[in-house]
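Please look through the model below with this note at hand. The points are numbered so that each can be checked in turn.

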Amino acid sequence: MAEKPLSSPPSPSAPPGSPLARAERFVWLTARVLEQRRFAYHFLRGGADPVEAALTAYLDEDGGYGHALEPDLRGPVSQPLHTAHALRVLDSIGRCGGLRVERICRYLTAVSTHEGALPAIHPSQRAYPSAPFVPVVDDPPGELLSTGPVVGTLHRNQVWHAWLFRATEFCWTAVESLEKSHPYEVQAAVAFLDSAPDRPRAEAAADRLGRLVREQRLAVLDPDRPEEFPVADGYAPGEHHYPHDYARVPDSLARGWFTDEELSRSLDFLAAEQSEDGGWPLRWRAWAPGSALEWRPIVTIEALRTLRAYGRPLDG
């Protein structure tokens with residue numbers, strides 16, 4: 001009698017030619033093991049254990065994550081951006097808790113600035129390659145860009161740690177003092193506000209931030225006329241952001257920034273962005289072949305998750 005396999009393969013894929021089937025083929029052709037398992041979890045009824053096992057390969061002894069988990073930073077050293085990426089993965093599979101997250105919080109405490117915030121890039125990255133648009137400096141400041149998503153994810157999962165108190169206050173101060181911003185910083189602010197424990201304060205801050213986004217034209221409201229919306233300083237040509245980039249799920253506070261028509265056009269644009277090979281393209285500067293290849297499956301998974309969150313068909 002044949003032995004029963006230790007685990008079952010992912011469930012059958014979507015109908016041939018559908019957006020999901022095309023994306024699945026792209027993932028099997030190009031993705032790292034982590035993204036293969038993430039795709040299986042989100043779209044093929046795969047398990048969470050394989051995702052967590054694949055993520056462990058990027059874990060360092062200090063409790064942080066490295067090894068190019070965030071593909072624009074190469075090398076083995078732990079970095080806040082890698083660790084934020086790991087927390088998003090754990091959150092997406094319902095595993096953002098326990099001893100692993102306690103170790104992550106110890107790492108975050110160790111690399112924080114005196115104000116309790118996270119630098120975008122820790123100086124240890126200097127010994128390894130990284131994208132030219134993420135410069136390494138000796139004494140980096142704390143930034144909302146790196147701190148907001150981490151704090152938001154931990155609050156959403158009801159994680160309590162001493163580091164969170166100061167980091168949360170840093171995020172409130174940073175968000176409520178924004179006068180001129182750029183899309184990635186706004187995304188970080190939304191990631192914080194969507195899960196901040198003081199909901200009335202978060203709603204007020206989000207309302208103000210939404211007005212700033214519209215006044216400074218940080219979201220392309222008509223995909224047929226992107227030239228009417230400026231690209232932020234330092235961004236690549238065509239590195240625009242759209243309503244769905246801020247409101248990734250319908251219950252995000254950023255959803256209220258856009259009309260139904262604006263969001264619908266944005267989602268139409270996102271669906272149409274799927275390339276002939278089945279994956280979604282990068283809108284930012286591709287500086288190295290390896291990082292671009294590793295990013296595209298990540299971008300593809302997130303595009304599919306956003307479309308599904310808004311009820312857009314993926315298998316038809």
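**Notes on the model**

1. The backbone oxygen of A196 lies 2.8 Å from a polar atom of the side chain of R199, which is a polar contact (a pair of N or O atoms within 3.5 Å, where, within protein, one must be able to donate a hydrogen and the other to accept it, and where residues adjacent in sequence count only if both atoms are side-chain atoms). R199 itself lies in helix α9, residues 199-215; helices here are DSSP runs of H or I with at least four residues, strands are runs of E with at least two, and both are numbered from the N terminus. With a relative accessible area of 28%, R199 is partly exposed, a class that falls between buried (under 20% relative accessible area) and exposed (over 50%), computed with a 1.4 Å probe on protein chains only.

2. Before going further, please keep in mind that this is a predicted model, in which local features need pLDDT of at least 70 and side-chain atom pairs count only at pLDDT 80 or more, while totals for chains, interfaces and linings use all residues. Residues are numbered from 1 along each chain as its sequence is written, and side-chain values use heavy atoms, with hydrogens and water left out.

3. Which residues does R199 touch, not counting residues up to four places away in sequence? They are L193, D194 and L253, where contact means heavy atoms within 4.5 Å. The side chain of S252 makes a polar contact with the side chain of D194 at 2.8 Å, and, leaving aside neighbours within four places in sequence, S252 is in contact with V190, D194, Y246 and A247. S252 counts as buried because its relative accessibility is 6%.

4. Helix α11 also holds E262, which counts as buried at 10% relative accessibility. Not counting residues up to four places away in sequence, E262 touches R214, L221, P243 and W257.

5. Helix α2 (residues 33-43) has as its buried residues L34, E35, R38, F39, A40, H42 and F43, and these pack against α1 (19-30), α3 (48-56), α4 (80-92) and α12 (289-309). After α2 comes R45, whose phi is positive, near 60°.

6. How is the packing of two helices described? The description uses the angle between their axes and the distance between the axes. α2 and α12 pack at an angle of about 10°, with their axes 10 Å apart, so α2 is roughly parallel to α12. Here the axes are lines fitted to C-alpha atoms, for helices over the stretch in contact, and angles run from 0 to 180 degrees between N-to-C directions; angles under 35 degrees count as roughly parallel, over 145 as roughly antiparallel, 65 to 115 as roughly perpendicular, and the rest as oblique.

7. The contact is made by E35, R38, F39, H42 and F43 of α2, together with P297, I298, I301, E302, L304, R305 and R308 of α12. Sorted by class, the contact of α2 with α12 has six nonpolar, one polar and five charged residues, where Ala, Val, Leu, Ile, Met, Phe, Trp, Tyr, Cys and Pro count as nonpolar, Asp, Glu, Lys and Arg as charged, and the others, Gly among them, as polar.

8. Most residues other than glycine have a negative phi, and most peptide bonds are trans. A68, although it is not a glycine, has a positive phi of about 60°, and Q158, also not a glycine, has a positive phi of about 55°.

9. Y107 is found in helix α5 and counts as buried at 3% relative accessibility. Y107 and D62 are 45 residues apart in sequence and 6.1 Å apart in space, C-alpha to C-alpha. Leaving aside neighbours within four places in sequence, Y107 is in contact with D62, G63, G64, S78, Q79, P80 and T83, and the side chain of Y107 reaches the backbone nitrogen of Q79 at 3.3 Å.
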